Number of protein chains: 2
Amino acid sequence: MSIRVGILGYGNLGRGVECAIRQNPDMELKAVFTRRAPETVKILTEGVPVYHVDEAEAKKDEIDVLILCGGSATDLPVQTPKYAQWFNVVDSFDTHAKIPEHFAAVDESAQKSGKVGIISVGWDPGMFSLNRLYAAACLPEGENYTFWGKGVSQGHSDAIRRIEGVKDARQYTIPVESALEAVRSGSSPELTTREKHTRECFVVAEEGADQAKIENEIKTMPNYFSDYDTTVHFITEEELKRDHNRLPHGGFVLRSGKTGWNKENHHIIEYSLKLDSNPEFTSSIIVAYARAAYKMNQEGQKGCKTVFDVAPAYLSAESGADLRKKYL
Amino acid sequence: MSIRVGILGYGNLGRGVECAIRQNPDMELKAVFTRRAPETVKILTEGVPVYHVDEAEAKKDEIDVLILCGGSATDLPVQTPKYAQWFNVVDSFDTHAKIPEHFAAVDESAQKSGKVGIISVGWDPGMFSLNRLYAAACLPEGENYTFWGKGVSQGHSDAIRRIEGVKDARQYTIPVESALEAVRSGSSPELTTREKHTRECFVVAEEGADQAKIENEIKTMPNYFSDYDTTVHFITEEELKRDHNRLPHGGFVLRSGKTGWNKENHHIIEYSLKLDSNPEFTSSIIVAYARAAYKMNQEGQKGCKTVFDVAPAYLSAESGADLRKKYL
């Protein structure tokens, strides 16, 4: 019997989850829930119904895990605790500072309902977090470094789009190669924000807009750009569509650490991702954790979990014996 | 209160475990057990007793986890099930083909005693295994690739030492850079043994030995060298001691996979290690899993586990809330 999955929210992430389910033969897409008029939402999988979110609760006995594909700013803080009343749930909540309160809210709801809620799943938070933790546990004396990119930052692209005179924009976060090399060399450098990443912006200006003013507004924007070396290119709408229509991303997690009685031996652990599609890769991880949520709940576990609380074997459809044979 | 650790077997690995315990303030070395005459074994930690292995059982109430630092060929198949009768245990059993029977033997013993036994801990098997599993779960349609090196293979060095006329030897396993690049490019190449690694040997010959004969015996040795491009250098004993006295190692685990409705997007996951000391890094991982064995047993878990069965949070001394704050 397949694990019956529901998707709540059908944007880039929801569509990615739909694609990922197709790659996992032990899972089955059972329904998509949307806040839009269901008949206006066209999904890829034939024969699967689209319902209004208000109908989700009524489907609770037909769905083993509900994957929440909303945004972290306003959707998930409400949705994850709400739907954990009725479903095992997985989300990709990524507002770092608010994880403690989100965890507490989901835990309260899932403890009451006896369901499992896995939050903050994806690659960062997610796979990168796991690598930071494993590396720190394996090399207690050392430093962790995280670099992002090269990739499109949607938050930074949105920030540029909000500037007056900007029609559209794409922002790439780029790790500084020399900083990466310094870490790999084992010198454990202390790196400022500016030394770790640069930012490159491709901007379509409205006709007649003051480009110098836009460029200055981008480069001096606090939090987003002022602490970075930022390059701004003005391009046409056609160029943006032709050359910047994908959502690649990636990055690096490194740990530089020492062992030995006198700390005489040095080690570097490096994990990196090179992704054509940020939302599809994120979705693919979420689907593996949806399997874990279901399996853990079947064993009687409940409450809020993160990737740190999930034994790796739960992510796979294969038996323990097969995993040991194939991967150990 | 600290976790009280015992070490059984005091070679490179045992000494590495001793060093690693010193880097983990929540752990304490309680005793070392040896098959040698205890008074002949000098350890690094002041005030810690060395006992004969026969005394181990009598110390079972003073030790929370016993780390087994013997070899996979003959020591661990006997020791791990035996000591799991009395202790939570961790080993680094790495004879891949025999893992199923080792797992079964340790599980039987640990289920009976109510202890936890974690087997096959280190970096391969160990961290590399975890990366193969996580990557496969996150990208179900794809290929895993494992490369080892550059590093000293002790098994291959030993094989050379057994050749007549060889006084000493060191063998390095070296990944082929062009094969690594082909995998990173996303082309999912099919690679033969010869295409993935080369082998470089530094040999000290006995005086008057036939070097051409030795070189030929190395290069044609089945399983060890005949499937590889092998280079043999004859050097002096002094050169071997000066230039090849360490045990560096490392390697790469990559997954190349696709996502999307029509598999149109490609992703590369890469994990790599660059280690000055293979035994010390292995030991450091083992100590983190010793903590996990203790914590899992405190929660009532028992039986044989591998790295696949251990939720990452167990490896750390920090609380769940702190882990989420620092690493998520």
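Student: What is the handedness of the crossing of H2(A) and H3(A)?

Tutor: This is a predicted model, and in it the crossing of H2(A) and H3(A) is right-handed. That word applies when the near helix is turned clockwise from the far one by less than a right angle.

Student: Why are H2(A) and H3(A) called roughly parallel to each other?

Tutor: Helix H2 (residues 76-83) of chain A and helix H3 (residues 99-113) of chain A pack at an angle of about 20°, their axes being 7 Å apart. Angles under 35 degrees count as roughly parallel, and H2(A) and H3(A) are therefore given that label. On the H2(A) side the contact is made by Leu76(A), Pro77(A), Thr80(A) and Pro81(A), and on the H3(A) side by His102(A), Ala105(A), Val106(A) and Ser109(A). Sorted by class, these comprise five nonpolar, three polar and no charged residues.

Student: What makes H4(A) and H10(B) roughly perpendicular to each other?

Tutor: The axes of helix H4 (residues 127-138) of chain A and helix H10 (residues 278-298) of chain B cross at roughly 105° and come within 8 Å. The range for roughly perpendicular is 65 to 115 degrees, so H4(A) and H10(B) are described by that term. In this contact Tyr134(A), Ala137(A) and Cys138(A) of H4(A) meet Phe281(B), Ser284(B), Ile285(B), Ala288(B) and Tyr289(B) of H10(B). By class, the contact has seven nonpolar, one polar and no charged residues.

Student: How do you know that chain A and chain B have the relation of a two-fold axis?

Tutor: Chain A is superposed on chain B by a rotation of 180° with 0.0 Å of shift along its axis, at an RMSD of 0.0 Å. That is the relation of a two-fold axis. Moreover, 100% of the interface residues of chain A are also interface residues in chain B, so the copies meet through the same surface.

Student: Why do strand E1 and strand E4 of chain B count as paired?

Tutor: Pairing requires at least two bridges, and four bridges join strand E1 (residues 3-8) of chain B to strand E4 (residues 65-68) of chain B, the two running parallel.

Student: What makes E3 and E14 of chain B edge strands?

Tutor: In chain B, seven strands form an open sheet with parallel pairing, in the order E3-E2-E1-E4-E5-E6-E14. Strand E3 (50-52) and strand E14 (303-305) of chain B each pair on one side only, and they are the edge strands.

Technical notes
Residues are numbered from 1 along each chain as its sequence is written. Chains are lettered from A and ligands numbered from 1 in the order in which they are written. This is a predicted model: local features need pLDDT of at least 70, side-chain atom pairs count only at pLDDT 80 or more; totals for chains, interfaces and linings use all residues. Side-chain values use heavy atoms; hydrogens and water are left out. Copies are superposed by least squares on the C-alpha atoms of residues with pLDDT of at least 70 in both. Contact means heavy atoms within 4.5 Å. Axes are lines fitted to C-alpha atoms, for helices over the stretch in contact, and angles run from 0 to 180 degrees between N-to-C directions. Angles under 35 degrees count as roughly parallel, over 145 as roughly antiparallel, 65 to 115 as roughly perpendicular and the rest as oblique. Ala, Val, Leu, Ile, Met, Phe, Trp, Tyr, Cys and Pro count as nonpolar, Asp, Glu, Lys and Arg as charged, and the others, Gly among them, as polar.
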